[in-house]
Amino acid sequence: MANRLLSVGSTFPEFKKTSVVSLEKGNEFYDITSEDHKNAGKWMVMFWWPKDFTFVCPTEIAEFNKHNEDFADRDAILIGASTDSEFVHLAWRKNHDDLRDLHFPMLADTSKSLAEELGILEANEKVAYRVTYIVDPQGIVRWVSVNDLSVGRNVSEVIRVLDALQTDELCPCNWQKGEATIA
């Protein structure tokens with residue numbers, strides 16, 4: 001299987017997927033669509049992990065959760081995703097201390113249709129690579145980062161890139177929010 005990764009400048013695919021948004025009985029699940037962030041006029045940061053109940057994944061999910069307010073302050077909707085079902089997501093959240101109080105949805109792409117359309121499935125196990133998308137309010141992919149299955153990502157770098165994209169200016173190497181951009 002040759003991956004054809006959806007990249008910068010592409011329109012993010014349309015989707016409607018069930019997600020876990022709460023541990024409260026009767027309010028656990030919510031359907032998320034590709035239109036939600038556009039209708040809200042917000043950016044979308046969607047990050048994928050390979051499998052629930054693993055070792056590297058919860059470290060990333062917990063770190064994104066620690067920075068949830070940073071994303072909200074930047075008018076960005078944060079969505080975590082994997083190809084596991086919403087029931088597996090819910091069980092994992094209930095079972096793992098670092099995942100009980102998440103402030104963003106865990107999207108379930110059980111059919112793997114969205115991951116396949118994004119071109120992010122690993123060839124042998126058909127699980128998602130560690131991929132992060134930053135999508136602007138019009139639904140255009142503005143940044144994509146892919147890590148192999150064994151390497152966790154740097155959430156601070158995702159925030160730095162979101163800041164840079166939101167300036168809509170030229171940002172030099174290692175630019176940080178508050179620094180001068182290139183005129």
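Trainee: What does the side chain of Ser85 reach?

Mentor: The backbone nitrogen of Val88, at 3.1 Å. A polar contact is a pair of N or O atoms within 3.5 Å, one able to donate a hydrogen and the other to accept it; residues adjacent in sequence count only through side-chain atoms.

Trainee: What sort of model is this?

Mentor: A predicted one: local features need pLDDT of at least 70 and side-chain atom pairs pLDDT 80 or more, while totals for chains, interfaces and linings use all residues. Numbering starts from 1 along each chain as its sequence is written, and side-chain values use heavy atoms, with hydrogens and water left out.

Trainee: Where is Ser85, then?

Mentor: Ser85 sits in the loop between strand 4 and helix 4 (86–95).

Trainee: Buried or exposed?

Mentor: Ser85 is buried, at 16% relative accessible area (buried is under 20%, exposed over 50%, partly exposed in between, with a 1.4 Å probe on protein chains only).

Trainee: Which residues is Ser85 in contact with, leaving aside neighbours within four places in sequence?

Mentor: Ala108 and Thr110, where contact means heavy atoms within 4.5 Å.

Trainee: New topic. How many aromatic pairs are there in the whole structure?

Mentor: A search finds nine. Phe, Tyr and Trp rings (the six-membered one for Trp) pair with centres within 6.5 Å; planes under 30 degrees apart are stacked, over 60 edge-to-face, the rest tilted. Take Phe12 and Phe15: their ring centres are 6.1 Å apart and the planes stand at 75°, so this pair is edge-to-face.

Trainee: And how accessible are Phe12 and Phe15?

Mentor: Phe12 is buried, with a relative accessible area of 5%, and Phe15 counts as buried too, at 8%. Another pair is Phe47 with Phe104, whose ring centres lie 5.5 Å apart with planes at 70°, so they are edge-to-face as well.

Trainee: Where do Phe47 and Phe104 sit in the chain?

Mentor: In distant parts of it, 57 residues apart. Phe47 belongs to strand 3 (residues 43–48), and Phe104 to the loop between helix 4 and strand 5 (106–108).

Trainee: What about the relative accessibility of these two?

Mentor: For Phe47 the value is 0%, so it counts as buried. Phe104 is buried at 3%.

Notes. Helix = DSSP H or I, 4+ residues; strand = E, 2+ residues; numbered from the N terminus.
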